[in-house]
Amino acid sequence: MTASRDVPDRNGETGAEPPPEQDLSAALDRLLADAEIWRPRILMSAVQLDIFSALETEPASAARIAERLGTDHAATARLLSALHEMGYLALTADGYRNMAAASAFLTSSSPHYIGSWFKLHDTDWPAWAGLTRSIREGREPAEGSIFHDRERLRTLLLAAHERALLFHLAPTVAAIDLAGVRNLLDLGGGAGSYSLGFCEANPDLVCTIFDLPDAIDIAREIISPYPMRDRIRLVCGDFTRDDLGDSHDVVFLSNVLHGEGPAAALTLLRRIRAALAPGGRVIIRDSFLEEDGTNARGGAVFGMTLMIETLEGRTHRLSDVQAMLREAGFGEIDQPSGQFLVGRVS
């Protein structure tokens, strides 16, 4: 881009010269893509209806798919045409069939299924409709906190579990050294993804998942097929007020701190400090903001989700969490990577 020079605008005022036409074109494409709701909404509905699972074994016509799903024939045909245009379905002489991405990630029997992520966004839809009002008036979420809505919480935890299996579990287990650790408290551990990974990688480790009753029900369901289940304890409780136990070697806190406001986050870290054995560690995995309020992984955008889905949740600045750890009594603080902070009891 060439250096800008002052040019008069329509009202004769002086302003910066606009960018070259090709830059404006690319910016406009990005702007329209960011504003488009049609494609994600189509995908959400397709996953909710389980369109892709209906095509898992063989191609089928629009009429046949509608019969299988009990949906309106004409509307189903239009949805299938849209999914074909978007590249998720192919149209053959025998009817529609899944393309590779749909088969791998959106059929419910696939080990790489991530459909709960789309279902989560579907449950979020009414809450997002209130975003403008929340910004204007500073009101609490119209739908209430997602953590206290049984069905939305289930969808959230299943979505988090599916994403962990695909993206986060292996690097997290590799990044955290648990040599010599005998017991780990997985606080707010949700579906139990990380406890499963830690126990598999560390044969002498015992994990305790501590979470709300609805979350523990889901964790029990998720861990039941795995041989490590005998080394995973399930404890129902509210970590803001219930006993966390004591003498834990490690407390693991994955994507929990961002569900709390600053005061509650500090209180929680103090409770964790009291629950640790001498020399014990709290390991925080979260999305931290830089001093300018953003991060490269979209932490500020994620923070908007927390504003409309939780009562006090937010993405915290890294420096603020480090200060909280010091105030909570952790004498040694380390950041082994961008997503992790470790506080150690002196």
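Mentor: Let's start with a term: two residues are in contact when heavy atoms of theirs lie within 4.5 Å. Keep in mind that the model here is predicted.

Trainee: Which residues is Leu 184 in contact with, leaving aside its neighbours within four places in sequence?

Mentor: By that cut-off, its partners are Leu 178, Phe 198, Leu 205, Val 206, Cys 207, Thr 208, Val 250 and Phe 252. Leu 184 also belongs to the largest nonpolar core, which has 31 residues. Along with Ile 176, Leu 178, Phe 198, Leu 205, Phe 252 and Ile 283, Leu 184 touches the most other members.

Trainee: Which elements give two or more residues to this core?

Mentor: They are the helices α9 (150–175), α10 (193–201) and α11 (213–223), and the strands β6 (206–211), β8 (248–254) and β11 (340–344). There is also a second, separate core of 27 residues, with Leu 185, Leu 187, Phe 210 and Leu 276 among them.

Trainee: Why is Cys 207 called buried?

Mentor: Buried means under 20% relative accessible area. The value for Cys 207 is 0%, so Cys 207 is buried.

Trainee: And what makes Cys 236 count as partly exposed?

Mentor: Exposed needs over 50%, and partly exposed lies between that and the buried cut-off of 20%. Cys 236 has 44% relative accessibility, so it counts as partly exposed.

Trainee: Why are α7 and α13 called roughly perpendicular?

Mentor: The axes of helix α7 (residues 115–128) and helix α13 (residues 299–309) cross at roughly 70 degrees and come within 10 Å. Angles of 65 to 115 degrees count as roughly perpendicular, and therefore α7 and α13 are roughly perpendicular to each other.

Trainee: Which residues make that contact?

Mentor: From α7 come Asp 124, Ala 127 and Trp 128, and from α13 come Met 304, Thr 305, Ile 308 and Glu 309. By class, the contact has four nonpolar, one polar and two charged residues.

Trainee: How many helices and strands are there in the protein chain?

Mentor: The chain has 14 helices and 11 strands. Of its 346 residues, 42% are buried.

Conventions
Residues are numbered from 1 along each chain as its sequence is written. This is a predicted model: local features need pLDDT of at least 70, side-chain atom pairs count only at pLDDT 80 or more; totals for chains, interfaces and linings use all residues. Side-chain values use heavy atoms; hydrogens and water are left out. Buried means under 20% relative accessible area, exposed over 50%, partly exposed in between (1.4 Å probe, protein chains only). A nonpolar core is a set of buried Ala, Val, Leu, Ile, Met, Phe, Trp, Tyr and Cys residues joined through side-chain atoms within 4.5 Å. Helices (H or I, at least four residues) and strands (E, at least two) are DSSP runs, numbered from the N terminus. Axes are lines fitted to C-alpha atoms, for helices over the stretch in contact, and angles run from 0 to 180 degrees between N-to-C directions. Angles under 35 degrees count as roughly parallel, over 145 as roughly antiparallel, 65 to 115 as roughly perpendicular and the rest as oblique. Ala, Val, Leu, Ile, Met, Phe, Trp, Tyr, Cys and Pro count as nonpolar, Asp, Glu, Lys and Arg as charged, and the others, Gly among them, as polar.
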